Amino acid sequence: MARAAMAPTQTALPRQARWRGMIADWSSDQRAFKGVSWGKAMMWVFLLSDTFVFGCFLLSYMTARMSTVEPWPNPSEVFALTIGGAEIPLILIAIMTFVLITSSGTMAMAVNFAYRRDRRRTAILMLVTALLGAGFVGMQAFEWTKLIEEGVRPWGNPWGAPQFGATFFMITGFHGTHVTIGVIFLLIIARKVWRGDFDRGAKGFFTSRSGRYEIVEITGLYWHFVDLVWVFIFAFFYLW
Amino acid sequence: MATTIHGHGPAETVPPAETADVELYHPHSWITRYVFSQDAKVIAIQYSLTAMAIGFVALFLSWLMRLQLAFPGALEFIDADAYYQYITMHGMIMVVYLLTALFLGGFGNYLIPLMLGARDMAFPYANMLSYWIYLLAVLVLVASFFTSDGPTGAGWTLYPPQAILPNTPGQDLGIVLMLVSLALFIIGFTMGGLNYVVTVLQGRARGMTLMRMPLTIWGIFTATVMALLAFPALFVGAVMMLFDRLLGTSFFMPAIVQMGEQLSYGGGSPILFQHLFWFFGHPEVYIVALPAFGIVSDLIATHARKNIFGYRMMVWAIVIIGALSFIVWAHHMYVSGMNPYFGFFFATTTLIIAVPTAIKVYNWVLTLWRGDIHFTPPMLFAIGFIVTFLNGGLTGMFLGNVVVDVPLSDTMFVVAHFHMVMGVAPILVIFGAIYHWYPKITGRMFNDLLAKLHFWVTFLGAYLIFFPMHYLGLLGIPRRYYEMGETAFVPASTVTLNEFITITALVVGAAQFLFLFNMFWSLRHGRPAGGNPWRATTLEWQTPQTPPAHGNWGRELPVVYRWAYDYSVPGAAEDFIPQNQPPSPTERREAAT
Ligand code: HEM
Ligand SMILES: [Cu+2]
């Protein structure tokens, strides 16, 4: 590609000149990030903003957990499942995490095939990703039901600090909503890929301009982000 | 590398186009052209008109409050509850729904594509949605006036626990509508904000380097980035408070006994809300101030026919202020019961912010210094801004110090301070900016005499209203009190002073109708303005049509050769050189050496 051909000249420069070159490039005309399309730049900026949303949620959760005077329920007991008579801690969460991370893999493959214009495989892989995502949300629904049956409510629970249920439902709910929105986007775009909209220059998603295969990658960015956020929720909520 | 442009002097070579010309959406009907429009200019006008309409509601509320403060009991429908509702709605509308929406949604939309030489925003469709969600947020907010117990009276800071406790006015529906409306506002803003950021970063014309952008764009851009990072905290706070109110969670609610009755809440942290709120709330001050800073710089340079003093410094000051303003939020919480060491930290960062801010003020003054100052209405408002902002900034130095703040906290001194610095000052810039760009937006000049009258009444009036409040605050008159009654320490003279303030406030409020009248009258009867009545350098004045047509530019996008401040260049034929004018032979020779 054209960009690769330009790369070697950079390596020979001394460090200071490299820095100056980078700043000059960055502040040069037309584009700050060379070769980054508008859609991709938008998704990155949005994800930065969304990071602050999740950051605030998680920090609030930590504050609540640290400042409450009542004992915090033990996550490995609360989130254990009894399978075949044995109580296995965090088994459902482990499966959910595995499913979500797998879906990131299929998503990455879909992006690859999209750029090769392999419509069938792209659409199928996006569908698989959406299915895994839906599976994740389904398991989350199962977990919610189980906890609700055991008496966990946003305003209280049988084991200790009421903030446990409040933060649990709020944070997993907010993340689950993100996954659900992702699934819907995946389905819409998979359909467009399947019909060949992006070869015909038909109107794209969320715009009045004609769509491009790049939208698959942009959706992928969102999907990986949601995945990454889950890792933090997993670490801070379930493992702490 | 050879094509990279360093600095902002006129350069001969302009790099080839990197971005393909965008595919424009062409409206097919009146509705898609003017109502569900995807053209940033139309969206800008929609934003501005909505913001001004709701702003007049807030102005009207301030009249009612002032009437109550000067003539307690004269208006029977104002009781303590109503007074709280008025201050809450007045404060929130002014800060969020008027100033933020007008600066970013209004000026951002109008000026970013035009000043940068783009055809439109990067994502016109999301931009359109942004406005409609904003309108919905406004309507939800207005709806709370019509609920059975009225809008919330929690104060614009919405502090829990009292915001959602029984006996606070609007506890039933008002607070819910307020929180929902804020959440909607944030969602709508995010859609617009992504547009502004991406258009500035990725959608500029050939030759428009970051260091050639007019300071207006720097201000709006930095403010938008800040808003995208600060609003999340408010969003999260609003969601959690909604849960506390509707689901009975206790995020912010400690155990409470009210009227001898133990409420079902317990274990939450009201201070947590304050942190979330002010993590948004302080940057918010600069979200309205930075666009104002930028616009004022351009007004001053244009109307004093001089290049802005220290452009680079001005840019860095904007960026540094933006960054620092994320680590000062707890100066609003000195009396909240934080750890005193926090107070020390936040007082230090607060005082550090004064440095880049002072640099900006010096640079404005130095730009005016020996300039060819034209006292046009935009220039008058710009000078008015500098004075008021300086004033508010100096009282900020008092409030930023913990020991000085503690006795002044929650007094009228604070009201005077923030009205000067983030009330009057940005409003003056808004007026100046509207007068400045009105000829471009409508193609006609406003009435100069009316505009000057408007300025003097507003500017002097604002001082007469808010200056005495410093004194009231030093006397110890608390803020958010709907009447003082028979309070021993309050001298009788304050009653007269309050009456004076109120009468001035009524006059100043009425003067705003001069402005409205001028705007509407001049639409029809103003004299045609021509394309560039102020003889300004920036691109929006160089459009082929005035008002600019759909797509802004003719067949070719403009090419930029120089920075935005080539005023009174020695040896040039005119006292301004537009940004898209190629370098003259002399300039070319100089650039070569
Ligand atoms: C004609 C102009 C204005 C007048 C006469 C006015 C008057 C007032 C009054 C009387 C109060 C209540 C003071 C108290 O009892 O605590 C108040 C509060 C407030 N005003 Fe204004 N105001 C004006 C313009 C503005 C503007 C332009 C802003 C924009 C930032 C603004 C923002 C606020 C805020 C944030 C509060 C605090 C509300 C609260 O305590 O919750 N005001 N104003
Ligand atoms: Cu502050």
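Let's start with one residue in chain A: A:Glu217 is partly exposed, with a relative accessibility of 21%. Keep in mind as we go that this is a predicted model. What does the side chain of A:Glu217 meet in a salt bridge? The partner is A:Lys40, with 3.4 Å from N to O. A:Lys40 itself is buried, at 18% relative accessible area. Now find the two on the chain: A:Glu217 belongs to helix H10 (residues 214-239) and A:Lys40 to helix H4 (residues 38-67), so this pair ties together parts of chain A that are 177 residues apart in sequence.

Over all chains, the count comes to 16 salt bridges. One of them links A:Asp197 and A:Arg195, whose closest N and O atoms are 2.9 Å apart. Another salt bridge joins A:Glu214 to A:Arg212, with 3.2 Å between the closest N and O atoms. Here A:Glu214 is buried at 12%, whereas A:Arg212 is exposed at 51%. Salt bridges can also share partners, and in this way A:Lys192, A:Arg195, A:Asp197 and A:Arg200 are joined into one network.

Next, look at where chain A and chain B come together. The size of an interface is often given as the accessible area lost when the parts come together. For chain A and chain B, the buried area is about 4,200 Å², and 69% of it is on carbon and sulfur atoms. Three residues, A:Gln30, A:Trp38 and A:Arg209, supply 20% of the area that chain A buries against chain B, more than any other three residues. In terms of residues, 42 from chain A are in contact with 55 from chain B.

How many salt bridges are there between chain A and chain B? The count is zero. Polar contacts do turn up across this interface, though: 15 residue pairs are found, both residues at pLDDT 80 or more. On the side of chain A that touches chain B, helix H3 (15-27), H4 and helix H8 (163-195) of chain A each supply at least two residues. The largest share, 15 residues, comes from H4 of chain A. Sorted by class, that side of chain A has 22 nonpolar, 15 polar and five charged residues.

Now move into chain B and find the copper ion. Which residues coordinate the copper ion (ligand 2)? They are B:His282 through ND1, B:His331 through NE2 and B:His332 through NE2, at 1.8 to 2.0 Å. Along the sequence these donor residues follow the spacing H-x48-H-H. B:His282 lies in helix H7 (residues 270-303) of chain B, and B:His331 lies in the loop between helix H8 (311-324) and helix H9 (340-368), so the pair ties together parts that are 49 residues apart in sequence. B:His282 is buried, at 6% relative accessible area, and B:His331 also counts as buried, at 13%.

Another histidine deserves a stop. B:His436 lies in helix H12 (residues 412-442) of chain B and counts as buried at 2% relative accessibility. Its side chain is joined to that of B:His303 by a polar contact of 2.9 Å. Leaving out residues up to four places away in sequence, B:His436 touches B:Leu299, B:Thr302, B:His303, B:Pro378, B:Trp534 and B:Trp541.

Finally, take a look at the backbone of chain B. The peptide bond from B:Pro160 to B:Pro161 is cis, with omega near 0°, and B:Pro161 sits in the loop between helix H4 (124-143) and helix H5 (174-202). Another cis bond runs from B:Thr546 to B:Pro547, with omega near -10°. B:Pro547 is in the loop between helix H14 (493-525) and helix H15 (585-592) of chain B. The loop between H14 and H15 also holds B:Arg535, a residue other than glycine with a positive phi, near 50°. B:Arg535 is partly exposed at 35%. B:Met259 has a phi near 50° too, and its place is the loop between strand E1 (257-258) and strand E2 (261-262). B:Met259 is exposed, with a relative accessible area of 71%.

Conventions. Residues are numbered from 1 along each chain as its sequence is written. Chains are lettered from A and ligands numbered from 1 in the order in which they are written. This is a predicted model: local features need pLDDT of at least 70, side-chain atom pairs count only at pLDDT 80 or more; totals for chains, interfaces and linings use all residues. Side-chain values use heavy atoms; hydrogens and water are left out. Donors are N, O and S atoms within 2.8 Å of the metal (3.2 Å for Na, K and Ca); water is not among the atoms, so sites may look incomplete. Helices (H or I, at least four residues) and strands (E, at least two) are DSSP runs, numbered from the N terminus. Buried means under 20% relative accessible area, exposed over 50%, partly exposed in between (1.4 Å probe, protein chains only). A salt bridge is a side-chain nitrogen of Lys or Arg within 4 Å of a carboxyl oxygen of Asp or Glu. Contact means heavy atoms within 4.5 Å. Buried area is the accessible area (1.4 Å probe) that two parts lose on being put together, summed over both. A polar contact is a pair of N or O atoms within 3.5 Å; within protein, one must be able to donate a hydrogen and the other to accept it, and residues adjacent in sequence count only if both atoms are side-chain atoms. Ala, Val, Leu, Ile, Met, Phe, Trp, Tyr, Cys and Pro count as nonpolar, Asp, Glu, Lys and Arg as charged, and the others, Gly among them, as polar.
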